[in-house]
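This briefing sets out, by topic, what can be read from the structure shown below. It opens with strand pairing and then turns to confidence, cores, helices and backbone angles.

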Amino acid sequence: MNSNNTLRNLRNIGVIAHVDAGKTTTTERILFYTGENHRIGDVNDGNTAMDFDPQERARGITIHSVATTVHWQGTQINLIDTPGHIDFNLEVRRSLRVLDGAVVVFDGVAGVEPQTETNWRLADEYRVPRLAFVNKLDRTGADFHRVVASLEDRLGVRALPLQLPIGAEAEFRGVVDLLTMQALVWDRDDAKVPPRVAAIPPELLPAAQAARARLLEAAAELDDALLDAWLRGAELPVDALRAALRRGTIAGAFVPVLAGSAFRNRGVEPLLDAVVAYLPAPGEAPGAAASEGPLSALAFKLTADDHGAMVFVRVYSGTLKRGDTVFNASTGKPERVARLYEIHADRRVERDALVAGDIAGVVGLKDVLTGHTLAATKDAPVLESIAVPAAVIDVAIEPRQQADAAALAKGLGVLVREDPSLRLRQDADSGQTLLSGMGELQLEVAVEKLRSRFGVDVAVGRPQVAYRETITAPAEVRHVHRKQSGGPGQFAELTLRIAPLPRGEGFRFSNTVVGGAIPREFIPAVE
Ligand code: GDP
């Protein structure tokens, strides 16, 4: 591990949540507080900076994992946006593959929701240290303590509140900082007004002392000097506590929990402080590769148009410079790096070089796909790629106007290049063009992109499954009928064409099934 890197003021983080928990709102507030956005974009009026695809705005969901760079207290934070919806599982995986830490946003009313749980397990798989942000504490029915308990029960983690909320629901107005034992109060919803430091409300003092004791105990378990001081009942220095909590968070010993309401602009500044204080710099992350040695970088995301692509890379070692010729170690082909960009909410900033730990966009690469390794030499080791989940549903698509056929083919080519979990094939029997993916939402979004980005109106239908077989049966059999077993396919239509085979060997029949899904298994039945 390179000590320069360990000390680097850089955080590559993702914001993860179940749809609607407030990831977009929290991210928008982060952009605002870090000075990236001067006006707060609100998902409700379709004006947010991160979801820059028009249909993402229209749907209020976030699909792209775009890296956005912000700065907080002298630290550069690259936000790798991570979708919550399970249809975009690959997007989540590729974010987790390259980020060093994550903020998981919970709805203060709903607590742990199914997609949070799925994404939590994925983050476990990629060994990503996490902070939990209990959002929406201003909502009726919100309960910070219940959410903390659900983190422990449902996710099986040691949840360690760093704060306690002051006031509940509509009266939620601030937090107690359990490290400094001070209250932070936001008197107004206005994001431009910073919190006021105040004394802890007396009625909260016993709960705050109990929660602080848990925090001290967790820190003392990781640090002998702190343990000594704690056992002696001495005052523990806040810096030493933070350092121990940082180590525990990075090692996954516990998950610090913060409280807030992004929408009401309460709790976001301390959340940013916590990102800097507790989430790892590139060299410190548990899964991080060595940062010394020749160039090694992973392409994890690609946004393309018909002129070319911007490939988002994470550099694991060495330096990637503008104008360099490098190798795609996955294909053995040389590639030229034309330009390097850091992406901000509303602009991009050109970089001359990227070093280990950096995440940025590269323009000029011709043949690089998600999961490929860029390296200094042709035969350099290939970095672990990104698992592409199997497609589970497909739709048949065709242009509404035949004149659009070429534009459709081009648009599909781009979409498939951008998203390896989308697959395209031509069905040999039916001649249909089939697009497969992880779920309906993903395919709907793809179809809308064909319209909005490539101007192609497509008709979407169910795939026809041409199905032929021969069944051998005694000559006296007159009827053959089919039964379906298992599988989700319901036959909307079933056509049988039966033709007796010569010498009474049985029947040949072919049928065409039009249904919502490809039938997986048939039990032939012969009468
Ligand atoms: P995402 O799907 O996780 O990105 O969630 P959004 O940020 O789009 O938020 C979903 C909805 O919850 C929107 O209508 C937000 O305005 C609302 N919301 C987000 N944060 C809060 C909050 O702290 N309090 C309340 N009351 N509503 C919130």
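Strands β17 (residues 339-343) and β18 (residues 348-351) run antiparallel and are joined by four bridges. Strands here are DSSP runs of E with at least two residues, helices are DSSP runs of H or I with at least four residues, and both are numbered from the N terminus. Two strands count as paired if DSSP finds at least two bridges between them. The model is predicted: local features need pLDDT of at least 70 and side-chain atom pairs count only at pLDDT 80 or more, while totals for chains, interfaces and linings use all residues. Residues are numbered from 1 along each chain as its sequence is written.

**Hairpin β17-β18**
- The link from β17 to β18 is a hairpin of four residues.
- Within this pair, I343 has R348 of β18 as its bridge partner.

- Four bridges connect β7 with strand β8 (residues 174-177) in the antiparallel sense.
- The bridge partner of Q163 in β8 is D177.

**Seven-stranded sheet**
- A further open sheet has seven strands with mixed pairing, in the order β2-β3-β1-β4-β5-β11-β6.
- At its edges are β2 (67-72) and β6 (159-161), each of which pairs on one side only.
- From one strand to the next, the twist averages 30 degrees.
- Strand β1 (residues 10-17) pairs with strand β3 (residues 75-81) in the parallel sense over six bridges.
- In this pairing, L10 stands opposite Q76 of β3.

**Confidence**
- The mean pLDDT of the chain is 82, and 79% of its residues reach 70 or more; pLDDT is the predictor's confidence in each residue, from 0 to 100.
- Residues 1-6 have pLDDT below 50, and this stretch has 17 contacts in the model beyond near neighbours in sequence. A contact requires the C-beta atoms of two residues, placed from the backbone, to lie within 7 Å.
- Residues 509-527 also stay under 50 in pLDDT, and the model has 63 contacts for them beyond four places in sequence.
- For the complex, the predictor gives an ipTM of 0.98 and a pTM of 0.79.

**Nonpolar cores**
- The largest nonpolar core has 105 residues, and V103, L131, V311 and V313 have the most contacts inside it.
- Strand β13 (residues 308-317) gives the most to this core, with seven residues.
- Leaving aside residues up to four places away in sequence, V103 touches I13, V15, L131, F133, L271 and V275.
- Another core, of 15 residues, lies apart from the largest one and includes V395, L412, L443 and V447.
- A nonpolar core is a set of buried Ala, Val, Leu, Ile, Met, Phe, Trp, Tyr and Cys residues joined through C-beta atoms within 7 Å.
- A residue is buried if 20 or more other C-beta atoms lie within 10 Å of its own, exposed if 12 or fewer, and partly exposed in between, with C-beta atoms placed from the backbone.

**Helices α4 and α5**
- Helix α4 (residues 89-98) is largely enclosed by the rest of the structure, because 10 of its 10 residues are buried.
- The buried residues of α4 include N89, E91, R93, R94 and R97.
- The axes of α4 and helix α5 (residues 114-125) come within 10 Å and cross at roughly 35 degrees. Axes are lines fitted to C-alpha atoms, for helices over the stretch in contact, and angles run from 0 to 180 degrees between N-to-C directions.
- The crossing of α4 and α5 is right-handed, the near helix being turned clockwise from the far one by less than a right angle.
- Where these helices meet, α4 contributes V92, R93 and L96, and α5 contributes N119, L122 and A123.

**Positive phi angles**
- Q73, a residue other than glycine, has a positive phi near 50 degrees.
- Q73 lies in the loop between β2 and β3 and is partly exposed, with 13 other C-beta atoms within 10 Å.
- N265, also a residue other than glycine, has a positive phi near 60 degrees.
- N265 is placed in the loop between β11 (255-259) and α10 (268-278), and it counts as buried because it has 22 C-beta neighbours inside 10 Å.
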